[in-house]
Amino acid sequence: MTELSGLVAVGTGYYAINDSNDVKANMKLFKLNAACKVTNSYKYKGDGALDPEDVAVGPDGAIWVADTGDSKINQENFTVTHDRPRIALWKFVNGKASGPFRMSYPAKKFDSEALIIDSAGNPIVVTKDWDFTAAEGKTYLFAPTGPLVEAGEPTPMKELGSLTLPRTTTANPMGGLGRRQVTGAAKSTDGAKVVLRTYADAFEWDIKDNDIVAALTKDKPRVTHLPEEPFGEAITYGPDGQFITVSETEQTRTATAAPQKPSLLSYTPATKEFVEAAPEKGPEKAGKAWYLSLFSDISQLYLALAGVGVFGVLLVVLGVVGVIKGRKRKVRKGEVDDDFEPGDNSPTTMLAPVGGYQSGYYADQGGGYDPNYGGQQQYGGQGYGQQGGYDPNYGGGQQVYAGNGYEGGQQGYDPGYGNQGYGNQPPQHPGYGQQQGYGQQYGGQQQHQPQPYAGDGAYQAEPVYYHPEGGYPNEQYR
């Protein structure tokens with residue numbers, strides 16, 4: 001029996017049911033001794049039960065079976081539907097079955113897996129919650145509105161009340177849903193207590209004045225945890241008042257292993273009232289922003305924001321106008337209105353560019369760029385012929401650059417130019433001799449800083465535009 005779904009203790013033994021409909025031989029009521037050995041079994045009448053889920057004992061000792069299961073699970077989207085138009089009860093007295101005693105719900109259909117027989121022998125059907133969308137589960141109680149008729153039309157039922165089980169955190173195979181799905185029920189032998197179980201816990205109430213419904217719907221239960229049972233669906237009171245439970249174990253079957261053997265488990269009922277743990281605190285709702293308290297409605301806030309925007313635009317306009325007026329004021333005063341340094345237009349700077357013909361400053365000027373430099377015509381005409389030299393301090397006042405190229409003449413500007421690539425050069429070589437406009441580069445001052453030559457013509461410092469080892473002074477003249 002791997003699908004034990006109901007258990008009730010009678011004397012020193014038990015009655016149990018198997019809810020499997022796959023194996024007809026197992027669709028019976030089984031009698032067990034104290035050692036859990038099967039001593040007898042009893043068949044249902046006719047076609048048998050459809051989906052038996054729980055078993056209970058009446059005040060007269062009759063065994064009642066709740067044929068109330070109705071859960072068709074869609075494995076693709078994990079939804080549950082209830083299709084049975086009616087449910088049924090079966091009754092066994094001295095091993096003889098009678099029934100079915102059919103009943104019907106007043107409106108909505110339910111899957112019910114727990115049955116209680118009250119002190120008057122009236123059945124109470126307890127539903128199993130399959131509402132996956134609800135924040136908390138709800139369990140309903142139903143009872144027939146009139147006498148039960150064997151094999152007749154279903155007796156309508158009415159709702160007696162509902163309850164919500166306290167939240168626990170007990171581990172079980174069904175998780176949170178398993179903590180609120182009622183899978184079994186029992187009443188103590190003396191009729192003073194009643195218990196409902198889930199896959200995780202047992203909830204026990206004291207019965208006052210034989211009013212089971214009032215106890216379940218109005219009072220707070222004591223909670224006994226039943227952790228990690230394989231698939232606990234049955235509970236009963238043992239002779240000593242202990243809870244006795246058993247699980248379906250078919251769910252433990254694997255492709256390579258048979259299901260576990262079911263075992264009866266015993267628990268000592270809790271004696272203190274259960275204190276429900278507070279739900280985990282979620283994020284707090286954000287309070288009203290302080291600035292919103294300044295406005296009575298949202299339209300005032302929008303007007304304030306628009307005013308701030310207009311004020312910002314005015315500030316930008318005033319800033320632009322101020323900048324423009326400031327620039328005009330500087331221009332009128334003759335102040336420099338930019339970040340550029342003023343240009344250096346001195347004669348030295350104008351002679352600085354490297355290269356030959358410079359905007360006509362040196363060609364055909366007939367007397368040099370500045371009359372203060374030498375006093376004679378030192379830049380006029382072609383090349384460097386003419387008397388006078390650039391500076392009388394250079395080589396005794398004699399022009400040493402006359403003729404084609406730099407050969408000849410007296411010891412003057414630099415004794416090294418006759419032998420280091422400047423003297424004895426062919427006249428046609430670019431850059432020497434009859435080249436128009438090279439006065440700035442090779443004739444005259446040539447941006448030579450005031451570095452006097454000794455009387456013997458010794459050269460103290462090389463001009464910046466001549467290579468220290470002779471040859472061409474700049475790559476652009478090659």
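Across the whole structure, a search of this predicted model turns up nine aromatic pairs. Trp64 counts as buried because its relative accessible area is 10%, below the 20% cut-off. Phe101 is likewise buried, with a relative accessible area of 10%.

A second tilted pair is made by Phe110 and Phe142, at 5.4 Å centre to centre and with 45° between the planes. Here too, distant parts of the chain are linked: Phe110 lies in the loop between S10 and strand S11 (111–117), whereas Phe142 is in strand S13 (residues 139–144), 32 residues apart. Both Phe110 and Phe142 are buried. These two phenylalanines also belong to one aromatic cluster, together with Tyr105 and Tyr140.

Turning to the strands, we meet an open sheet of three, ordered S19-S20-S21 and paired in antiparallel fashion. Its edges are formed by strand S19 (232–237) and strand S21 (265–267), each of which pairs on one side only. On average, neighbouring strands of this sheet are turned by 30° against each other, direction ignored. Strand S20 (residues 243–247) runs antiparallel to S21 and is joined to S21 by three bridges. Ile244, for instance, has Ser266 of S21 as its bridge partner.

Notes
Residues numbered from 1 in each chain as written. Predicted model: local features only at pLDDT ≥ 70, side-chain atom pairs only at ≥ 80, totals over all residues. Heavy atoms only, no water. Phe/Tyr/Trp six-rings, centres within 6.5 Å; stacked < 30°, edge-to-face > 60°. Buried < 20%, exposed > 50% of the residue type's maximum accessible area, 1.4 Å probe, protein only. Helix = DSSP H or I, 4+ residues; strand = E, 2+ residues; numbered from the N terminus. Pairing = 2+ DSSP bridges. Axes fitted to C-alpha atoms, helices over the stretch in contact; angles between N-to-C directions.
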